Amino acid sequence: MKKFLMAASAGIVAGAIVTTQVAAPLLAQEAEKTRNVYEQLDLFGDIFERIRGQYVEEVDEADLIEAAINGMLTSLDPHSSYLSPEDADDMRVQTRGEFGGLGIEVTQEDGFVKVVSPIDGTPADEAGIEAGDFITHVDGESVLGYTLDETVEKMRGPAGSEIVVTIVREGNEEPFDVSIIRDTIKLTAVRTRIEGDSVVLRVTTFNNQTFPNLASGIEKEIEEAGGIDNVDGFVLDLRNNPGGLLTQAIKVSDAFLNSGEIVSTRGRNPEDGDRYNATEGDLTQGKPIVVLINGGSASASEIVAGALQDHRRAIVVGTKSFGKGSVQTVMPLRGDGAMRLTTARYYTPSGRSIQALGVSPDIIVAQPRRNPASEEDEAAPTPRSRSEADLRGRLNNDSLSDEEIRLIEEDRARAEAAAKLREEDYQLAYALDIIQGLTKFAPAD
């Protein structure tokens with residue numbers, strides 16, 4: 001018994017020694033880290049005081065602190081930033097669907113501002129700004145060295161005022177200037193129309209109005225078509241859609257799915273992850289879907305495209321998307337400001353992250369660039385070729401009834417309209433052709 005007690009005592013002593021030997025260095029390391037943090041904060045205070053007291057011009061202390069905070073956040077990634085009270089209010093207004101500016105979604109790359117996408121129908125869109133353009137100067141002043149928020153602030157201004165931005169575009173040898181008249185941007189989140197026997201759903205942004213607009217638009221177009229049986233399929237156009245609210249991306253994806261995962265998010269800690277699943281109810285009632293994307297499709301757009309692609313619910317057509325696979329959380333701060341902080345990555349149902357990779361289309365279809373020099377030639381009428389039907393004294397077709405001839409002529413008119421659309425929007429025409437092809441193989445009722 002004594003031996004056992006002695007052995008136990010020895011074990012306790014040995015355990016205490018091991019614990020002390022392991023824990024002591026860890027505690028020392030943690031203390032050293034804390035000390036270094038406070039030393040850095042002291043250094044910040046020293047620099048702040050020297051700038052305030054010795055800089056060649058008088059400075060605003062509040063501006064210095066705000067710049068320091070924003071610099072800390074922007075050093076993390078291109079999407080984290082500090083929002084001043086004015087910027088935070090602008091963001092809330094934009095989320096509601098109306099804001100002032102050029103109508104352009106931007107990010108920062110290599111020190112310059114890169115256009116993610118212009119928003120449909122806005123001054124930037126009408127001025128010809130394209131996804132992938134780099135903005136190097138604003139009103140003749142270089143933006144190199146400015147933060148993204150500072151450059152965006154330079155591009156803001158009252159509606160009706162003019163701004164000149166210098167653009168560097170791939171394929172153009174020289175930079176060129178674009179003059180834009182600022183305006184109040186009123187976003188229409190979803191525009192719907194019928195092309196042939198297909199419904200086109202153009203989603204321009206993901207704000208609070210997106211899903212309600214989408215649901216009502218689908219219902220309206222089905223009703224105008226005379227019922228779902230008269231609709232061949234749907235084209236979901238997400239080109240140049242810079243994204244927006246995660247909640248709206250989930251709702252839009254759910255509109256076309258009956259079950260299964262839509263997206264999952266994973267934060268720094270495993271317990272912070274979330275998984276979002278579809279609910280019963282496909283607004284398109286199982287009809288074929290083609291999703292259009294391009295390099296201006298980002299964030300929420302990529303969530304929708306990735307979910308429908310992974311579930312084989314849609315064919316994705318176009319070019320590779322932007323590749324923004326992170327989630328930002330807006331956190332209110334004292335003084336009515338806010339902090340936009342990247343808090344998670346999101347993953348498609350198959351578990352793939354699109355961060356910096358984007359969504360790859362099932363079928364790659366590039367949109368041909370228009371050549372302004374040849375537009376005058378294109379406007380000239382194309383000589384109509386002659387056929388047997390144009391010949392005087394031709395024989396009539398006695399194998400078809402008048403009704404059958406009418407149907408053939410209607411099919412020909414639809415084909416001619418599709419050919420015209422290819423000149424205006426090649427990618428959309430390609431998507432509609434896919435739906436037409438899918439309906440040819442649909443099982444008969």
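Helices here are DSSP runs of type H or I with at least four residues, strands are E runs of at least two, and both are numbered from the N terminus. Residues count from 1 along each chain as its sequence is written. What you have open is a predicted model, where local features need pLDDT of at least 70, side-chain atom pairs count only at pLDDT 80 or more, and totals for chains, interfaces and linings use all residues, while side-chain values use heavy atoms, leaving out hydrogens and water.

**Stop 1: two aromatic pairs**

Select Tyr-426 and Tyr-430 in helix H11 (residues 426–440): they sit four residues apart, so about one helical turn separates them. Now for their rings. Rings of Phe, Tyr and Trp (its six-membered ring) pair if their centres lie within 6.5 Å; planes under 30 degrees apart are stacked, over 60 edge-to-face, and the rest tilted. By this rule there are two aromatic pairs. One is Phe-44 with Phe-48, a stacked pair at 6.5 Å centre to centre with 20° between the planes. Both of these Phe residues belong to helix H1 (residues 2–54), again four residues apart, about one turn of the helix.

Is Phe-48 buried or exposed? Buried means under 20% relative accessible area, exposed means over 50%, and partly exposed is in between (1.4 Å probe, protein chains only). Phe-48 has 15%, so it is buried. Phe-44, at 40%, is partly exposed. Hop back to Tyr-426 and Tyr-430, a tilted pair with 6.2 Å between centres and 55° between planes. Tyr-426 is partly exposed at 32%, and Tyr-430 is partly exposed too, at 29%.

**Stop 2: a charge over a ring**

Next, pick Arg-266 and Tyr-347. A charge sits over a ring if NZ of Lys or CZ of Arg is within 6 Å of the ring centre and within 35 degrees of the ring normal. Arg-266 lies over the face of Tyr-347, 3.7 Å from the ring centre.

**Stop 3: H6, H7 and H8**

Colour helix H6 (residues 210–224) and helix H7 (246–254). Axes are lines fitted to C-alpha atoms, for helices over the stretch in contact, with angles from 0 to 180 degrees between N-to-C directions. The axes of H6 and H7 come within 9 Å and cross at roughly 20°. That makes the two helices roughly parallel (under 35 degrees; over 145 is roughly antiparallel, 65 to 115 roughly perpendicular, and the rest oblique). Show Thr-210, Phe-211, Pro-212 and Leu-214 of H6 with Gln-248, Lys-251 and Val-252 of H7 to see the contact (heavy atoms within 4.5 Å).

Leu-246, Ala-249, Val-252 and Ser-253 in H7 meet Ala-300, Ile-303, Val-304, Ala-307 and Leu-308 in H8.

Why is helix H8 described as largely enclosed by the rest of the structure? Because 10 of the 11 residues of H8 (residues 300–310) are buried. What covers them includes H7, along with strands S12 (233–237), S13 (261–267), S15 (289–293), S16 (315–318) and S18 (338–347). Just after H8, click Arg-312, which takes a positive phi of about 55°.

**Last stop: Ile-222**

Return to helix H6 and find Ile-222. Ile-222 is buried, at 13% relative accessible area. Leaving aside residues up to four places away in sequence, Ile-222 touches Gly-227, Ile-228, Phe-234 and Leu-283. Finally, select Thr-284: it is 62 residues from Ile-222 in sequence, with 9.0 Å between their C-alpha atoms.
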